[in-house]
Every structure is written in C-alpha cells, then in structure tokens.
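Please read them with the structure open beside you.

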Amino acid sequence: MTQVVAIAGEPVYLPCDIATQDEEDAVLLVLWYREDLGTPIYSVDAREKDFGVAERWSDESVFASRAYFLPERRPAELGVDRVKSSDQGIYRCRVDFKQAQTRNSRVNLTVIVPPSKMIITDDRGDVKQAIVGPYVEGDSFTLKCDVSGGRPRPWVKWFRDEIETDTPVTVLTGGAVRGVLRVGPLTRTDVRAAFTCRASNHIRSHPIETTLTLDMNFPPLTVHILGSNQPLSAIRRYDLLCQSAGSRPPASITWWKNGHRINNAKETLSTDGNTTTSTVSLQLTKSDAGAKLACRATNPQMPSVAPLEDDWILDIQYVPETVVRLGTNLDPRNIREGTDVYFDCIIKAHPYIYKVEWRHNGKTLSHNVGQGIIISNQSLVLQGVGRNTAGNYTCVGFNAEGDGESKPLTLDVLYAPTCRSSQQRVHGVAKQERAHITCHVDSNPPEVSFRWTFNNTANSNEVSDSYISRTGTVSTVTYTPHTEMDYGTLLCWAHNRIGKQRVPCVYHIIAAGRPDQVHNCSVVNASLTSFGVRCSEGFNGGIAQSFFLEVKELVTQELVANVSSAVPRFTAIGLVPGRTYGVAVIPYNSKGRGEPYPMRASTLRPPEKHHVHDKSLDLPRTAFHMSGAMSAAVGGGGVIMVILVLFLIGVRQRCFKRKPSPGPLPSSLPGSPDKLREKDDSESDDRNPDIIPSEMDHLQVDYYRTQQVSTISPPLGSRMPRGSVAGVRGSIPAYYALRTAPPPHQTMIDNGTQQGIPPPAAFGSGSCTLPRGSSTGLTSIAPGERCIPLQHLRTLPRPMAAPTALPRHLPRDTPL
C-alpha cells in the first residue's frame, strides 16, 4: 500500500501501475475504487477504442470534475484537484489487460487540514489585531492566542521580532489550542516591538499567524530654551525657541511669563516625530527685567505625569533714560543775565553708561572753563549766563544699547532790553514827508516801555508819546522833517522789569537822495550765449534801492538785454557767441537813478572746426625759381622801407619834445561811492562832496556819449558857453547833479592858482555839477554861468563862506 499525504486545497496524485510486459498486450480498462464505497468512482474504458482516446468517467458524488488520469506518467497517476478533507481514505486501482492478468494496487490518502481560526486577546479580553497598547514604562501584560480547527491538532508558538519565545500551550474544550505570552516590565526599548502568534499542524501546510505591534506612551525626556540666559534688548522683537525630545506622542509645549501663559506660540515637529520645537515672538520692555520666562513640555496622553519645564530669568538691557533737572536752589522763572546755573542729569540705564553728553539747542557742549562751561560727571555748570545761553538743554547717556536723550529743559534767561541787530539805521526822508521809524529791541520779559529822543547839532528833545506806538518789543515813531534842523538822530530807549537799556538804538534821519554808484563789478560765468555780472552795492540814499542791467551793442548801441534785480547780481541770456557788449549797472530808488557803472563783457567764442587734410586733393605745383634781378629788387625795396620808418620815428620825437608837459595827475582817480563818502566825511557833514574827477575811463566816455540821463534838465532855449576842460571836447554830454551849495556870489578857485575854470562847449544839453553857491533851481542857471561836467572835473576846495549865525530853535516836539 502506497501512502500519500495531501494538504487540503492542494492537488494530489494517486499512483496506479498500468505497464505491460508484452508489447502486444494492451490496457483495456482502469477502475478506481474507494474502500468505503462498493462501486467504481473513476474509470478509463479502452475496450472499443485506442487507449489514448479511451472514455473517462468520474463519479459526481466523489471527485466529479476534479479528477483526471495521467497515463503518460510512470507510473500512471490519478490526479485530484483541490483535495478535500472528505477525500481521505484508502483507494484501489484495478487494471484489466488484453492478455495479462488483472492487476490491483492500493493507496492510503491522508488529507492534512490546516488550522482555520486564530484569536488574540489581552488581559482585559479585548481582541487585538494589529496594535497592542499603548502602555507606559514599567507596565506588564499578557497575550492569549487561541487557534481552532485543523487536522491533526495544530501547535501554537509566540515569536518576538521573529525570535521564538517560550509559549505554554493549553488545549481548550472543543479542540482549540491556546498559546500564552507574558511581557514586561516594559522599557523604552520595547516600543514598536512585534509579537507574532503562529499556528500549524504539518510541515507542508502554510501556518496561520497574527502579528501585533507594541504601542507605548513616553513623557518628554528633555526641554530646553535655546539661547537662554543671554541679555535681551528692550523694545526689540525676539523669536525665542524651545525644544523638547523623547515624548511619545510628540510633546505639547507651552510658554509662560511670571505664571501667565503666552498664547502666540507655533509648533513644528521633526521628521522622526521625536523632537518638538516651539517658537514664540516677544517684544520685551524694561519692566520685564527679572521676569521668569518658562517653557513647559507635556504629553497630552499622559495627564497624570508632571510637565517638564525649563525657565529663564530675563535680563533686559535698554537705552539710557535721562532726565535733566535744574539746580534745587534755582528758580527757573527768575534766572537773570550774569547768574550761575547748574544742571543735573538723572540717568537710568542697563548696562551702565560709558559716556554722558550735554547739548544746547541740539549742539554738543564741550568743557570750556574760559567760556564758563564746566562739565563734571553728570552735572553741567554755566557761569554768567546770558541771552545766548538761553534755550533747550538736554543730556544724552550712551551705553551698549544706544544713546538716550532727555526731554529738553528750557532755560529762560531774563535780561534788560538791547537793540536788535540788522535794523535799518539810516532813513532818507524828504521834507514834509511822513516817515515811520521802527525800533526793534530784544527783551526778556517782553513787557517793555519805550521813550524816544531827537538830537541834532543844536539841541536834544524828547519825542511826545502821542507820536509813539508800541507792539510787543517794537516801537514806531511817526516823524516828519520840516526844516534843515529837523534832520538828525533819533534815539530809542526801552526798559523792562529787569532794567533799562544801556545803549539806545540810533537811527539817522537824512535828506533822501539818489543811490550811489555800484563798485567792484566783474563778469562771471560767461558762456556762448550768456554772462553774469556781480557788483557791490553803494549807499542807498537812505531809501531802499534796486538795480538794473543794460546790455547794448557797441556799434549800433541797440539794447539787447535789460535785467532788474533787488541786488546787483545779474545774468544776461540770449546773446550772440563771441561778441563784446557794452554793459551798464544802474542803481535806482524812489528819488531817481544813481550813476551807472559802465563796463564791457564778452561771450565765449564757439570752438573752431578743424578739417582733416585730404592728400588726394593736392595738385601738383610748379617749382618757383627766383631770378637774380628779382632778388635784387626785393632787397632794395626792404632797405627803403626801413629808412622810411626810421625817418617817421625821428619826426615824431621832435614834435613830442616841442609840446608843453601836462600838469601833474591827481593823486586819486574817481572810485567807488564808499571812497567818495570817506573823503566827504573829512570836509563836511554833507554826504555828497564836490568831487571833480580829473580823468575818465574810456568806457565811461563811450557810455556817456550814448546815454542822455539827468536829474536836472536845463531850461528850453538856454545855451551854454562852449569850451573845454582838461583837454576833453565840449561835445561830450554830461550829468547835472543836484548838490547842496553855498551862496551864489562866491567864486570857485582851483588850488589858489585860477579864479575859475572855463566851461566846456556844448554843455547846454547835457548834465553837469553846479558849483556850491549856485541855486538848486533850474531857472537860476544863467547862460554865462559856469557849468562843469561831472565826469571831467577835479576836486575843488570849498569856498570860505562868511560866518553866519545859526537860528536859535527853542526846545519843542519833533514837527510831524
């Protein structure tokens, strides 16, 4: 009997020998029987057919279509697919031959049935399929693996990470088998351990198994505030980090400051899930110094476990906080000029300051005993304060965090009134003209009172209060001169509760006149189409003056530019490149024009164009040969020319020796109005002396030939005698200038050698200077009266006037 073992569900092959000894013999019929059945269960009938195409039959109640015969195998086999446990038994194979005796063989088929069901339960009887736990460190537990089904009875074994463990096995009622696994106490190394229960009943059968993974919860192992115990700066914003590791599941991190939770934290988790990082953004202040900042890590699945904490005592550094205080013995409302003042700087800083600085109106003060500034540590002493010392004082403390400046402390210095600078001190006023003279004073306190006095060469008078008005620290007096004696000096006095003004404000009242000529003129910033003119202004005649610039063509005298300005600074544009122009700067005010300052100015020439020489344009030149006769003619002509030039030079020198030598030149030429006034101060109080220039620049002569400007025009039909002065032709027009003059009966003399100077010819239509003593009216210029052109006269001495008694004016208020 042949033993055959099959696993349920797998195919099985039952052997049956159908081989013959005689080649002529053949198999006619193959029948399969099962001992518990009396009839065949499978047959192969070849009695009427060839064996290769023999008829096959299978009992539907036994194998049905699962059986098939394999005659080509040695021995032949009956194959059965998907063998069942009911197929187990003893089978007999009967083979009938054509000639040989019938052959019978027996096969014992054993069918192995694997276990069919496995159930794992824990201590509480809960069925576990993939995960067991979670447990914590130190826990112990038991797992029971119950296996049912299977023939023969299966064995049950437990494996930990594929390593077999000792497994007690118990047979339960009903034929089930139980395997028990005991685990513990647990440590952190047990996490994710794999526990497998495996059951089988034959070496050829596939075992059934179930694997469970151990899940555990751990509290955080570590928590740290990164970069802790370092000083922090106030006002700045910091992103602080706290990291916790070792928690399962990941830890939950919270931030606390002095026991109050901070809620704006954000958490991130590492890729392995072991490290949790929390970030909190904080803007700390000085008040947070010494506060306790804590980072707490907890496992939310383990509420019974105390949180892990890391704390940090905050060290806050900040910019110095400074306060300026006035000395305790000083009254800030009653600090007078000349007193000593001291300040203290109160500073709070961490880290401590390394420098203290004092500032006055934003400017740094330096220690200077000579100027009365004494700086010692955190104190400032000002000796003998004055009005310039008043203002805002601050102290600045410097430390590693920066510089902290205090709020300003205003030092108010009280002082008596003083005259404010940059006032108009000279006022030109015409007779019967009402003028408003304003007096500005600096005073602290600003409550002041004013008084005015008027001085001239005769007397000094108080100005009546009815002519005085006051607004704050400004007083205005209304003044109207009626006679020559009303010109003089106004004095303005002010006083407040501190004291009286020591030096009055002085205002000179003079007769208004035309402005003086500008001086020191120069051409600047010349370009192709423009140039600038800069001058220094002269005396304004006691009235505000303005200026204008005239630019003319030199030949045609055509006006090409006219520029006005409040100051003698001009720019003429739109001019022709490379051309020279005649320029005149003329001041003027409400009384008329001053004398022009003529000059010349040129624009730049355009750059020249250079052409590249083209050799291809060169033409062949014929060689020039000078003959001997031609050379002699050229040489003779040259000698004759030299002799002629020498002869002309000799004649010119003889004519020059026959001419009388001219008189000595004056020691000074006409200059700026400032120089004229300096000479005038030595002779008279009149601001316009009789200055008669001896020579004139040719530029002024050219300008005056084309310019007909005068302040006094001669009467129509009057004719002036013709003549010449200092070799200048009388046809040159001149200016009439109005001057204060002595009585007309006196005669002018020239250095005591001449009784008078004959007037130049053709001066009837021009301008001239009237000698002192002539009338200021136009009708007083008689046809035979001398008239001297301003630009061609020398300085004449003043005639000695007979002493006359000045009128006696009684003290009175200023006429208005």
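1. What share of the 816 residues of the chain counts as buried? In this model, which is predicted, the figure is 40%. The chain holds three helices and 56 strands, and, among contacts between residues at least 6 apart in sequence, 67% join residues at least 24 apart.

2. The largest nonpolar core has 30 residues, and those with the most contacts inside it include Leu14, Trp32 and Phe69. Among the elements that give two or more residues to this core are strand 1 (2–7), strand 3 (27–34) and strand 9 (103–112), while the largest share, four residues, comes from strand 8. Leaving aside neighbours within four places in sequence, Trp32 is in contact with Leu14, Phe69 and Leu78, among others. Another core, of 23 residues, lies apart from this one and includes Tyr135 and Met216.

3. The count of disulfides comes to seven. One of them joins Cys345 to Cys395, with an S to S distance of 2.0 Å; the torsion about the S-S bond is about 70°, so this disulfide is right-handed. Because Cys345 lies in strand 30 and Cys395 in strand 35, the pair ties together parts that are 50 residues apart in sequence. Cys345 is buried at 2% relative accessible area, and Cys395 is buried at 0%.

4. Cys419 and Cys505 form a disulfide with their sulfur atoms 2.3 Å apart, and this link, with 135° about the S-S bond, is right-handed. Here Cys419 is partly exposed, with a relative accessible area of 21%, whereas Cys505 is buried, at 0%.

How values were computed
Residues are numbered from 1 along each chain as its sequence is written. This is a predicted model: local features need pLDDT of at least 70, side-chain atom pairs count only at pLDDT 80 or more; totals for chains, interfaces and linings use all residues. Side-chain values use heavy atoms; hydrogens and water are left out. Buried means under 20% relative accessible area, exposed over 50%, partly exposed in between (1.4 Å probe, protein chains only). Contact means heavy atoms within 4.5 Å. A nonpolar core is a set of buried Ala, Val, Leu, Ile, Met, Phe, Trp, Tyr and Cys residues joined through side-chain atoms within 4.5 Å. A disulfide is a pair of cysteine sulfur atoms within 2.5 Å.
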